[in-house]
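Here are some notes to read beside the structure. Please keep the sequence open as you go through the points.

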Amino acid sequence: MLAAVLMLCSCSSDKGETDDTQLLVPVTVRTNDFSVSQDDFNTTRATPVAGYTNVKALTLAFYDGDGNEVYKTTQLRDDATTYTTFGTFSLALPLGSYTMIVLGNAGDQQVTLTGPASATWGDNKANDTFGASQAVNITTYDAVNLSATLNRMVTMVAVNSTDICPATVANIRMRTSTGGKTFNPVTGFATVNTGVVSSVSSANYVGSISRTGMYLFITADEQTTDVTIETLDANDQVLFSKTVTGVTLKRNRRTVFTGAMYTASSAASFTIESDWLSDYPMDF
């Protein structure tokens with residue numbers, strides 16, 4: 001790289017001028033720590049990205065002042081050909097001012113970064129998602145070392161049954177009236193507010209209690225939504241339906257619904273527990 005830079009400088013000197021925009025500056029980005037909440041989301045601690053195996057993909061991008069993509073790459077934990085050290089990126093950029101965005105996600109699918117103000121899970125189910133952004137100004141040809149701490153951007157709705165799932169139930173469906181799967185990667189807030197629907201097969205829960213959940217993005221740190229919980233048979237006919245209104249979701253927190261889903265009538269009550277600040281139960 002240094003040899004290439006010296007060669008470019010030599011060529012420019014022969015012409016009596018230097019085009020700084022053509023010279024590249026080596027940049028190293030390290031996602032040293034994740035700010036993650038383990039298990040119930042109720043305690044937050046910094047965890048090295050290489051050791052937090054729930055994160056399966058990391059996407060790094062740089063955008064110029066006009067929002068044009070200058071650089072983008074993705075590392076996949078399970079594909080060693082996409083990285084040398086998972087969580088460390090080496091690249092080269094011209095002098096200039098940029099917005100750096102880093103996204104990390106769990107799950108088999110990958111969140112798609114479409115621009116400096118938009119990222120989406122598309123048709124896939126949203127999964128645990130972390131992100132960071134910062135302004136980067138490269139004004140000299142000295143090597144640049146950057147670090148980013150990624151913070152969780154999603155909220156989670158979990159549904160736990162207190163009764164046994166029968167074989168007649170094929171799927172469990174959860175629905176919110178607000179929030180979305182498309183979001184601003186800088187703020188982490190949802191840019192679509194039409195709600196999210198997620199269906200989970202109950203095959204693994206037949207004969208036992210069920211524990212299911214879904215991730216989504218909300219439009220602020222706190223947002224009120226209605227949550228509908230349904231069980232479906234193999235023909236997608238609704239066997240049980242319960243809507244809980246006025247539920248407050250909070251980013252980086254898990255809201256847990258606990259109640260009877262398989263032996264109760266539609267008038268059954270649920271307990272809601274949202275473990276932000278301190279845990280509290282709420283009866284409906």
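**Notes on the predicted model**

1. E230 is buried, as its relative accessible area is 10%, and the cut-off for that word is under 20%. The structure discussed here is a predicted model. The side chain of E230 forms a salt bridge with the side chain of R173, with 2.7 Å from N to O. This pair links distant parts of the chain: R173 is in strand β12 (residues 171-176) and E230 in strand β16 (residues 222-232), and 57 residues separate them. R173 also counts as buried, because its relative accessibility is 19%, under the 20% limit.

2. R175 is partly exposed, at 33% relative accessibility. Through shared partners, salt bridges join R173, R175 and E230 into one network.

3. The structure holds six salt bridges. Another of them is formed by the side chains of K72 and E69, at 3.5 Å from N to O. K72 is partly exposed at 36% relative accessibility, and E69 is partly exposed as well, with a relative accessible area of 46%. As a general point, side chains of opposite charge can pair when their charged atoms come close.

4. Next come the nonpolar cores. The largest has 22 residues, and V27, V29, F62 and M100 have the most contacts inside it. Two or more residues of this core come from each of β1 (24-37), β3 (57-63), β5 (88-94), β6 (96-105), β9 and β10 (144-152). A second, separate core has 20 residues, including C165, M174, M214 and M261. In soluble globular proteins, nonpolar side chains tend to be buried together.

5. V27 can be followed in more detail. Beyond residues up to four places away in sequence, V27 touches F62, F89, S90, L91, A92, L93, I138, V144 and L146.

6. Is T129 buried or exposed? T129 is buried, because its relative accessible area is 0% and the limit is under 20%. The residue lies in strand β9 (residues 129-138). Its side chain makes a polar contact with the side chain of W121 at 3.2 Å. The side chain of T129 also reaches the backbone oxygen of N127, at 2.7 Å. Setting aside residues up to four places away in sequence, T129 touches G104, N105, W121, N151, R152, M153, V154, F183 and F217.

7. A190 lies in a loop, between β13 (182-183) and β14 (197-201). A190 counts as buried, with 10% relative accessibility. Apart from neighbours within four places in sequence, A190 is in contact with G180, T182, F183, F217, I218 and T219. F183 and F217 are also among the residues that T129 touches. A190 and M153 are 37 residues apart in sequence, and their C-alpha atoms are 9.5 Å apart in space.

How values were computed:
Residues are numbered from 1 along each chain as its sequence is written. This is a predicted model: local features need pLDDT of at least 70, side-chain atom pairs count only at pLDDT 80 or more; totals for chains, interfaces and linings use all residues. Side-chain values use heavy atoms; hydrogens and water are left out. Helices (H or I, at least four residues) and strands (E, at least two) are DSSP runs, numbered from the N terminus. Buried means under 20% relative accessible area, exposed over 50%, partly exposed in between (1.4 Å probe, protein chains only). A polar contact is a pair of N or O atoms within 3.5 Å; within protein, one must be able to donate a hydrogen and the other to accept it, and residues adjacent in sequence count only if both atoms are side-chain atoms. Contact means heavy atoms within 4.5 Å. A nonpolar core is a set of buried Ala, Val, Leu, Ile, Met, Phe, Trp, Tyr and Cys residues joined through side-chain atoms within 4.5 Å. A salt bridge is a side-chain nitrogen of Lys or Arg within 4 Å of a carboxyl oxygen of Asp or Glu.
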